[in-house]
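The sequence and the coordinates are shown first, and the discussion then begins with one residue.

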Amino acid sequence: PFCVLTAGPPCEDHGHCYGFCLLYSGNWLMEVEQTTTGCVRVNVGLSNTFFSWDLGSQETFESPECVCVFSDKGLGGVTSTFHKLLGERLIAPRWQNLVCPVLINT
């Protein structure tokens, strides 16, 4: 799951952009709200519609991480920042520069 907020019309190579990427593939929710004073709130995480988790005494639960980036170089800057960040920090080092073989499914 991914979303981008822009300050004004979205542009590929200029403008302020904020990107949000939830590191999760299950049931998720993203909400964006602007207050009457102009403040913007972004809520990203698990959807409470079809999710529940009962915690016993002394048990913990870790929610999925949300990666947030900012760029003043437009949508292209957000894309580049995400590619670099996820490639360097999320992908295990042994897989980072691996050229995968082409698989033909016949």
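## A buried serine

Ser-71 has a relative accessible area of 6% and is therefore buried, since the cut-off for this class is under 20%. The values in this report refer to a predicted model. Ser-71 belongs to strand β5, which covers residues 66-71.

The side chain of Ser-71 comes within 2.9 Å of the backbone nitrogen of Lys-73. Leaving aside residues up to four places away in sequence, Ser-71 is in contact with Gly-15, His-16, Cys-17, Gly-77 and Val-78. One of these, Cys-17, has Ser-71 as its bridge partner in β5. A further relation concerns Thr-81: its C-alpha lies 7.7 Å from that of Ser-71, with 10 residues of separation along the sequence.

## The three-stranded sheet

Which strands form the open sheet, and in what order? Its 3 strands follow the order β1-β2-β5, and their pairing is antiparallel. Strands β1 and β5 are the edges, each of them pairing on one side only. On average, and with direction ignored, neighbouring strands of this sheet are turned by 15° against each other.

Strand β2 comprises residues 17-22 and is joined to β5 by 6 bridges, the two running antiparallel. Helix α1 packs on the sheet and touches β1, β2 and β5. The direction of α1 makes about 135° with that of β5. In general, strands of a sheet pair through backbone hydrogen bonds, in either a parallel or an antiparallel manner.

Together β3 and β4 form a hairpin with 5 residues between them. The turn contains Gly-38, whose phi is positive at about 95°.

## Aromatic pairs

Another pair is formed by Phe-51 and Phe-61, whose ring centres are 5.8 Å apart; their planes meet at 45°, so the pair is classed as tilted. Both residues lie in the loop between β4 (40-46) and β5, so the pair ties together parts that are 10 residues apart in sequence. Phe-51 has a relative accessibility of 30% and counts as partly exposed. Phe-61, with a relative accessible area of 35%, is likewise partly exposed. Ring pairs also bring in Trp-53, so that Phe-51, Trp-53 and Phe-61 are linked into a cluster.

## Overall architecture

The secondary structure comprises 2 helices and 5 strands. Along the sequence, these elements follow the pattern β-β-β-β-β-α-α.

The radius of gyration is 18 Å, whereas a compact globule of 106 residues would have a value near 13 Å. Taken along the principal axes, the C-alpha atoms fill a box of roughly 50 × 45 × 30 Å. Of the contacts between residues at least 6 apart in sequence, 49% join residues at least 24 apart.

Definitions and conventions:
Residues numbered from 1 in each chain as written. Predicted model: local features only at pLDDT ≥ 70, side-chain atom pairs only at ≥ 80, totals over all residues. Heavy atoms only, no water. Helix = DSSP H or I, 4+ residues; strand = E, 2+ residues; numbered from the N terminus. Buried < 20%, exposed > 50% of the residue type's maximum accessible area, 1.4 Å probe, protein only. Polar contact = N/O pair within 3.5 Å; in protein donor to acceptor, adjacent residues only side chain to side chain. Contact = heavy atoms within 4.5 Å. Phe/Tyr/Trp six-rings, centres within 6.5 Å; stacked < 30°, edge-to-face > 60°. Pairing = 2+ DSSP bridges. Axes fitted to C-alpha atoms, helices over the stretch in contact; angles between N-to-C directions. Rg over C-alpha atoms; globule rule 2.2 N^0.38 Å.
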